[in-house]
Amino acid sequence: AGGTFLVLPSLSPDAAPAPGSSTQLWSDYLSVQLHPRSIYVLQQYNHDGDSGRLEAFGQGEKLLQDAGCMEEVEDRLHFYVEECDYLQGFQVLCDLHDGFSGVGAKVTELLHDEYSRKGILTWGLTPVTHNMGDPQKNFYRVLNTALGIVHLSAHSSLFCPLSLSSSLGIKPQPPITFPYLNYDASLNYHSSAVLAAALDTLTVPYRLCSSRGSMMHLAEMLNFSGRKVVAAWAAVPFPAVRGHSLPDALCAHQQDVPWKLLSSCGEQKVSRCFAQSVVLRGICKENPTSCPGQQPPSPLHACETAEQVLQHYLHTVFPGAFSASHILEQPCVTLPPYPHIFSSLLSRQGFLLDDLSTVESIPVLTSLQSSPALRTLLSDLCKDLQKLGTRRCASFFAAGVEEDDFHEAFQELRTLSQCYEMGFEAGNSEDESDSD
């Protein structure tokens, strides 16, 4: 058993646009009736508008340092914990770019203190596009993101940045593109739908009754050697032709897996990782039968089960990495209110080159990785923080973050980035540290 607990800013009365391309809020299409204790509204701040917004990490921290606010949160938390038949842990989704990074830091700290033996998987979300015309908001975004990563990862079993933005740094980068999606990066409605498909698939290993693992098992597999930050990859949809077997589909991608990085680490050309959890869904598990005495067209075709096919493929593409894999025949359902963002090259079931019609479901391939790619994200954030300094952001620190705490977080971020170095990169990192 489980429940949903949300901490939300106060919604403005007109924050529910009509269904269509202009839809921005997930709540516009929320068909589930939430329990009254599922929601705690922060009345002090607004969701929309130029004033009264939760802008800085320190503001978010202060909110949950208030005894009355913390009591309300704990009351709702304990209500759902007591309702659980078996509590695996907690899944936290939190904005990184604004003051909710501070709220999330205090919530995960509470969870860590009270339920230290349970899994805490935290997903740090950022919008695809940012207001680059306002330097102060841009500085706030980078500072909130850096502090959020440090604090959320410290109090979580695993922390994963999740975004369709290529970078979390000061300089804007183009959004992630997918070969069979035509989404509008300026609409949260579109980008959140892509991330939701990925998240629904990434979390399969501990959500299904048939799964043997748990949140904590997944975390322990990936967070060794201090690597508590992980990266998410996804192929939405996984490119496959209807009627082709899994070996056929994977043989078409022998050099590079057809997924995209969803953790704002830039474009990564080389596939490397320390460990990963891979999920493939929406593909038939049955292998084609070969005639007796006939040579299989590839080693993948010689495998007896779909699980063996995927494992063989992963060991070939990621030699030396530990790969846990899961195959689920059930596809990712994309019926309304899922937005119509799919290429006309996809069939009703999300396969390639078939009948042209409304896409109702898609196959999806995802991976949650402990990856060297994260060094790019974390070290680039360190460089941006050095460029900003503290004098240019005096108002940010006036909102509640002590400069000493910020400098300590900066050092923790740098230490965290060094956890993802490959052997040949260690020397370069030491040189960079000496030059600071």
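This briefing walks through some features of the structure above, topic by topic. What you're looking at is a predicted model. Its chain contains 13 helices and twelve strands, and of its 436 residues, 52% are buried. Take the contacts that link residues at least 6 apart in sequence: 79% of them join residues at least 24 apart.

- Start with helix 4, residues 135-155, and helix 12, residues 403-418, which pack with their axes 10 Å apart and an angle of about 70° between them.
- An angle from 65 to 115 degrees counts as roughly perpendicular, so helix 4 and helix 12 get that label.
- If you're wondering about handedness, the crossing of helix 4 and helix 12 is left-handed.
- On the helix 4 side, the contact is made by L143, A146, L147, I149, V150 and S153, while helix 12 brings in F406, A409, E412, L413 and L416.
- Sort the residues of this contact by type and you get nine nonpolar, one polar and one charged.

**A closer look at L64**

- You'll find L64 in helix 1, which covers residues 57-65.
- Is L64 buried or exposed? With a relative accessible area of 2%, L64 is buried, because buried means under 20%.
- L64 and G104 sit 40 residues apart along the chain, yet their C-alpha atoms are separated by 9.4 Å.
- Skip the neighbours within four places in sequence, and L64 is in contact with C69, M70, V103, K106 and V107.

**Cysteines, but no disulfides**

- How many disulfides does the structure hold? The count is zero.
- To count as a disulfide, the two sulfur atoms would have to be within 2.5 Å.
- C251 has a relative accessibility of 24%, so it counts as partly exposed.
- Another cysteine, C332, is buried, with a relative accessible area of 5%.

**Cis peptide bonds**

- Two peptide bonds to look up in the viewer involve prolines. One runs from V236 to P237 and is cis, with omega near -5°.
- Where is P237 found? P237 belongs to the loop between strand 6 (231-235) and helix 8 (246-251).
- P336 and P337 are also joined by a cis peptide bond, and here omega is about 15°.
- P337 lies in a loop too, between strand 10 (332-333) and strand 11 (361-362).

**Serines with positive phi**

- S225 isn't a glycine, but its phi is positive anyway, at about 60°.
- To spot S225, go to the loop between helix 7 (215-222) and strand 6.
- S225 is exposed, with a relative accessible area of 52%.
- S264 is another residue other than glycine with a positive phi, near 55°.
- The loop that holds S264 runs between strand 7 (260-261) and strand 8 (275-281).
- Is S264 buried or exposed? S264 is buried, and its relative accessible area is 5%.

Key
Residues are numbered from 1 along each chain as its sequence is written. This is a predicted model: local features need pLDDT of at least 70, side-chain atom pairs count only at pLDDT 80 or more; totals for chains, interfaces and linings use all residues. Side-chain values use heavy atoms; hydrogens and water are left out. Buried means under 20% relative accessible area, exposed over 50%, partly exposed in between (1.4 Å probe, protein chains only). Axes are lines fitted to C-alpha atoms, for helices over the stretch in contact, and angles run from 0 to 180 degrees between N-to-C directions. Helices (H or I, at least four residues) and strands (E, at least two) are DSSP runs, numbered from the N terminus. Angles under 35 degrees count as roughly parallel, over 145 as roughly antiparallel, 65 to 115 as roughly perpendicular and the rest as oblique. A crossing is left-handed if the near helix is turned anticlockwise from the far one by less than a right angle, and right-handed if clockwise. Contact means heavy atoms within 4.5 Å. Ala, Val, Leu, Ile, Met, Phe, Trp, Tyr, Cys and Pro count as nonpolar, Asp, Glu, Lys and Arg as charged, and the others, Gly among them, as polar.
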